[in-house]
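Good morning, colleagues. Please look at the sequence and the structure on the screen before I take you through the fold, the core and one part of the surface.

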Amino acid sequence: MPIRISKNSLYQILFALCVAVPYLNNYELTFLVWGFTVLVTIQRSYSIAFFLQILLFSGIFILAFFSSFFNEWTTYNFIRDATYLVKPVLGLLIGYQLCKSKLENPLKTVIYTGILLAIIHLWIVFYGITFVGFRDIHQIRRYSGYFSDYEVYVIILVIFHRDFNLEISPTQKRWFLAILVFSSLFYLSRTNFIQFGILYLALKGFFILDKRKLVALISVIFMGLLTYSAIVYYNPKRNGKGIEAFLYKVKIAPTEPFKTRINTEDYKDFNDNYRSVENINTVNQMTNDGWFSVLFGNGLGSRVDLKKEVWLDDTKLRFISILHNGFMTVFLKAGLIGVFILFASIFLLFRKQKSEPLLINKINYLLTGTALFLFISYWVFMGFYFKADTKSILVGLLLAYAEKIKRENTIALK
């Protein structure tokens with residue numbers, strides 16, 4: 001007998017493929033897979049709240065397109081920027097469309113996809129250490145990945161599975177968390193640790209402040225400051241091995257993106273604060289170009305002059321069109337107006353915290369935590385615009401899932 005695959009299984013595979021393909025670090029392939037998925041899952045109608053998200057990101061793209069007519073660019077950089085600025089729209093549409101009418105149990109699909117990714121990541125790490133000879137965190141991260149925001153979301157869903165009405169046995173929970181936590185730890189990503197803390201506190205309701213929760217939140221912040229002070233006192237070395245290299249990155253994290261003065265002739269100062277180098281050069285270039293550039297940006301295809309050649313993605317570059325900082329990238333392409341629009345897209349994710357049924361309330365908590373984390377994610381790693389990012393898919397899915405639960409609850413009450 002021929003093997004029959006249900007439509008739900010096909011869409012689950014398509015969802016997993018959309019989440020997994022960015023990890024291959026081939027943006028052309030990601031764009032093709034995401035574009036295809038959007039076309040085959042398109043819906044007849046969309047909610048106003050979701051449409052506003054799409055409208056805001058489309059507004060940034062349109063503004064950058066308009067500004068392009070007043071500046072010089074190459075065809076390659078123009079097309080590349082266009083695909084990057086469209087990426088959040090594609091991600092949101094994928095998550096929303098698949099969840100709205102294609103997936104029978106969206107959150108279970110999210111979890112199983114995360115488990116699969118974690119297993120693959122652990123195998124790559126194991127293979128690298130055992131057979132290739134990885135001996136420090138820089139090699140591990142370079143070949144197996146620098147971060148995985150997606151896996152952190154899955155950890156949160158597994159921990160709070162009862163709140164999301166997910167049936168997971170105690171044995172499954174232990175195995176799932178073991179796989180996911182070990183995988184996440186091997187990324188050694190500072191932003192993932194921060195992400196977990198924000199999302200965990202969000203699901204616990206700590207961002208609805210009363211006296212008790214305010215005391216608890218201040219205690220968490222105080223413990224974080226104590227931990228950071230201990231790391232500074234330990235003074236990990238720049239070229240340390242193993243965990244010391246990670247602690248050094250933690251030590252410089254608070255100042256790395258915010259320094260305004262950097263000695264570009266000092267190799268250590270330049271590399272340790274490279275994100276600030278990008279920001280400084282972008283602001284200087286935009287202000288020198290005049291008020292039109294500051295307000296509306298330099299458009300698609302615009303580039304920043306770093307004043308010296310730098311190795312980025314195994315390529316030596318002096319002029320870059322995409323920065324590490326998402327806010328600065330939007331500033332370069334669409335000016336201050338584009339940055340204000342981007343801020344609006346984040347604030348739209350802050351949801352009202354009391355809703356019925358309780359499942360919607362928990363989804364709102366998760367979206368609020370996501371909104372808070374996005375401020376860090378955009379500043380450090382491009383947010384939704386990063387070529388390996390999948391958070392936009394999850395946000396689209398969560399928005400659609402909340403709407404689906406609300407519709408089902410309304411029908412049940414009738």
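A term first: two residues are in contact when heavy atoms lie within 4.5 Å. In that sense, and leaving aside residues up to four places away in sequence, Tyr385 touches Phe57, Ile60, Tyr84, Leu85, Lys87, Pro88, Val330, Leu342 and Tyr378. Please bear in mind that this is a predicted model.

The largest nonpolar core contains 102 residues. Tyr385 is among the residues with the most contacts inside this core, together with Phe15, Phe57, Ile111, Phe164, Leu366 and Tyr378. Helix H4, residues 75-101, is the greatest contributor to the core, supplying 12 residues.

Let me now turn to the chain as a whole. The protein chain has 17 helices and 2 strands. Of its 414 residues, 52% are buried. If we take contacts between residues at least 6 apart in sequence, 72% of them join residues at least 24 apart.

What, then, of the surface? The accessible surface of the protein chain comes to about 21200 Å², and carbon and sulfur atoms account for 66% of that area. One nonpolar patch, of about 830 Å², is formed by Leu116, Ile120, Trp123, Ile124, Phe126, Tyr127, Phe131 and Val132.

Within that patch, consider Ile124, which lies in helix H5, residues 106-132. Why does Ile124 count as partly exposed? Its relative accessible area is 33%, and partly exposed covers the range between the 20% cut-off for buried and the 50% cut-off for exposed.

Note on methods: Residues are numbered from 1 along each chain as its sequence is written. This is a predicted model: local features need pLDDT of at least 70, side-chain atom pairs count only at pLDDT 80 or more; totals for chains, interfaces and linings use all residues. Side-chain values use heavy atoms; hydrogens and water are left out. Helices (H or I, at least four residues) and strands (E, at least two) are DSSP runs, numbered from the N terminus. Buried means under 20% relative accessible area, exposed over 50%, partly exposed in between (1.4 Å probe, protein chains only). Accessible areas come from the Shrake-Rupley method with a 1.4 Å probe; for residues, only the protein chains shown count as cover. Patches are made of residues with over 30% relative accessible area and no salt bridge: like charges are joined within 9 Å, nonpolar side chains (Val, Leu, Ile, Met, Phe, Trp, Tyr) within 5 Å. A salt bridge is a side-chain nitrogen of Lys or Arg within 4 Å of a carboxyl oxygen of Asp or Glu. A nonpolar core is a set of buried Ala, Val, Leu, Ile, Met, Phe, Trp, Tyr and Cys residues joined through side-chain atoms within 4.5 Å.
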